[in-house]
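Here are some notes to read alongside the structure. Have a look at it first, then go through the points in order.

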Amino acid sequence: TGGGSGTVVLSQARDRALFVSSGLAPLPSDEVYELWTVTDRAVPAGTFSPTSGASVVQLPDAALSAGNIAMTVEPKGGSAQPTTAPVLTVVVPTSK
C-alpha cells in the first residue's frame, strides 16, 4: 500500500541477482524490509531500509533458481522466517 516498485534482475551469465526498488514507504526505525528466496520454504536473502532514491540489494545465488522472491516487513535485524505476509512477490522465470 502506498506505492513503490521492486524489480528482480537476474543474470545467469554473470551468476548474479539483484533486487532494485524505488518509492517504498519508509518504515519505523525498528523495522526493515526483508527479502526471501522461496522454493519449498522461505530463506532469508537480505534486509534493507529504503532510501530516498533507488535501493539495490545483491541477492544470494539461491535467487537464480528460486521459484519466487518475496519481500516482507520484519523487525530490525531480520527474521529467520517471515513474520508478516509478503508485501511484494516476484515470480522467477525458469531458465531454459
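1. Strands (E, at least two residues) are DSSP runs, numbered from the N terminus. Keep in mind that this is a predicted model, where local features need pLDDT of at least 70, side-chain atom pairs count only at pLDDT 80 or more, and totals for chains, interfaces and linings use all residues. Residues are numbered from 1 along each chain as its sequence is written, and side-chain values use heavy atoms, with hydrogens and water left out.

2. Let's start with Val56, which is found in strand 5. Is Val56 buried or exposed? With a relative accessible area of 55%, Val56 is exposed; the cut-offs are under 20% for buried, over 50% for exposed, and partly exposed in between (1.4 Å probe, protein chains only). Leaving aside neighbours within four places in sequence, Val56 is in contact (heavy atoms within 4.5 Å) with Leu18, Phe19 and Val20. Gly6 is 50 residues away from Val56 along the chain, and their C-alpha atoms are separated by 9.7 Å.

3. Ser55 also belongs to strand 5, which covers residues 55-59. Ser55 counts as buried because its relative accessibility is 8%. Not counting residues up to four places away in sequence, Ser55 touches Phe19, Val20, Ser21, Phe48, Ser49 and Pro50.

4. How many bridges join strand 1 to strand 2? There are seven, and the two strands run antiparallel. Leu10 stands opposite Ala17 in strand 2.

5. Take a look at Asp15, in the loop between strand 1 (5-11) and strand 2. Most residues other than glycine have a negative phi. Asp15 has a positive value, near 60°. Asp15 counts as partly exposed, at 46% relative accessibility.

6. On to the aromatics. Rings of Phe, Tyr and Trp (its six-membered ring) pair if their centres lie within 6.5 Å; planes under 30 degrees apart count as stacked, over 60 as edge-to-face and the rest as tilted. By this rule the model has two aromatic pairs. Phe19 lies in strand 2 (residues 16-22) and Phe48 in strand 4 (residues 42-48), so the pair ties together parts 29 residues apart in sequence. Both Phe19 and Phe48 are buried. Together with Tyr33, Phe19 and Phe48 form one aromatic cluster.

7. Last, the core. A nonpolar core is a set of buried Ala, Val, Leu, Ile, Met, Phe, Trp, Tyr and Cys residues joined through side-chain atoms within 4.5 Å. The largest one has 18 residues, and those touching the most other members are Phe19, Leu35, Phe48, Leu59, Ile69 and Met71. Strand 2, strand 3 (31-38), strand 4, strand 5 and strand 6 (68-75) each give two or more residues to this core. Which strand gives the largest share? Strand 6 does, with three residues. As for Leu35, the residues it touches include Phe19, Phe48, Leu59 and Met71, not counting residues up to four places away in sequence.

Terms used. Helices (H or I, at least four residues) and strands (E, at least two) are DSSP runs, numbered from the N terminus. Two strands pair if DSSP finds at least two bridges between them.
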